[in-house]
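Hi,

Here is the structure I promised to send over.

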Amino acid sequence: MTHFTKTIIPLLCLVATTGCSSCGNERPPRYATETAMAEPAPAEDDEAWWSADEVTDDEEYVGDAEEEEGYYDAGDDSDERPDFPRLYARSKPVADAIVKLREETASRLKTMSPAEADACYKTYRDRQEQNVEKLFDINAGWMGVYGEWAGSSNVVSKLFRDTGLKIWGIGEGYNELKFRNYHYWNLFGPYLSPALRNFLKIIEDESVKLYSADAGICLTWDEVGERVVRWEKYIDKYPDSAPIDQARENYIFYLRDYLFGEDNTPTFYFEDGKLKIYDESHRSYQALLKKYPDSITARLLETFLKEARNQKFNSDDKYPFFDEFYKRVIDMAETAIGMPG
């Protein structure tokens, strides 16, 4: 369905609004300070679900550096072995900065209020993402697009593992570097305000599985539907939370995919001038209607199915008619969850 463009919602984007002098953030507090606690995430690699290690007081972020001799940038077809010892030497200071920041933050969080922890989370995430991006840039030649060495065992990949990172295939030959599952939850989970804690738990759960690759959804339709409903519940429970705008965007993102699919995983097809739902999607829709009959999502789904049955398209020029139908459905959804116009 190339007639409309979908932009992946940055699920991890969040604007912090609370001061945290220990993390370099001094904005005024706005987060709530309730005390409800979400369920802890499962541990990974035999680590405790959260831990605090010994810390130091030095600065943690390693900024951009000039490119050094020895940077490996062989083409896709190159058989040249990367200079892993040199790449390790360039990567090690950045990896050390990642570990130091994690350890310092774990110690400081123990004395923070939920409002301070909320602000610290934003600052911490920004700095660690810069560090991880720097590591990826140093090593992109061997682990980036179609990187033939991405699965190899070498001193740099071991450094990644020791730092709590992993190479993550995201489809079409692309790889990225990311923290192991539940990194942020394990560190911040006990300390955040309930609204941000539950927001973080959702996005950490969602990051465990690859969602989309090669213009297709990698989850089952039932799993996509559960994501839609989970964001609806969050929006209903925390309508005034700091990340509410992002939560609404996430809801619309998943609802759009649930109803309309992606290019290589469509939910419907055109036949005899009508829009028809594939059986697999239709079964999932019926299951969701039965499981969550009183939800906003169920009401939107019922409207979608009713309108889909009544749509008639000119077989020679159906997309303008479809685009109008698509826009009408999404506008209804945005209104239903209170998204600003």
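**Salt bridges and a helix pair**

Arginine 230 is partly exposed, at a relative accessible area of 32% (buried is under 20%, exposed is over 50%, and partly exposed is in between, using a 1.4 Å probe and protein chains only). Its side chain meets that of aspartate 205 in a salt bridge, 2.9 Å from N to O; the term covers a side-chain nitrogen of Lys or Arg within 4 Å of a carboxyl oxygen of Asp or Glu. This pair links distant parts of the chain, 25 residues apart: aspartate 205 sits in helix 5 (residues 194-206) and arginine 230 in helix 6 (residues 221-237). Helices here are DSSP runs (H or I, at least four residues), numbered from the N terminus.

Before you read on, two notes on the model. It is a predicted one, where local features need pLDDT of at least 70 and side-chain atom pairs count only at pLDDT 80 or more, while totals for chains, interfaces and linings use all residues. Residues are numbered from 1 along each chain as its sequence is written, and side-chain values use heavy atoms, with hydrogens and water left out.

Over the whole structure, the search finds 14 salt bridges.

- Aspartate 245 and arginine 248 meet at 3.4 Å, N to O. Aspartate 245 is partly exposed at 45%, whereas arginine 248 is buried at 12%. Back at the Asp205 bridge, salt bridges with shared partners join Lys201, Asp205 and Arg230 into one network.
- Glutamate 129 pairs with arginine 125, with the closest N and O atoms 3.4 Å apart. Glutamate 129 is partly exposed at 36%, but arginine 125 is buried at 4%.

Helix 2 also packs against a neighbour. Its axis and that of helix 3 (residues 155-163) come within 12 Å and cross at roughly 135° (axes are lines fitted to C-alpha atoms over the stretch in contact, and angles run from 0 to 180 degrees between N-to-C directions). That makes helix 2 oblique to helix 3, since angles under 35 degrees count as roughly parallel, over 145 as roughly antiparallel, 65 to 115 as roughly perpendicular and the rest as oblique. Leu135, Asn139, Trp142 and Met143 of helix 2 make the contact with Val156, Ser157 and Phe160 of helix 3 (heavy atoms within 4.5 Å).

Cheers

Conventions: Helix = DSSP H or I, 4+ residues; strand = E, 2+ residues; numbered from the N terminus.
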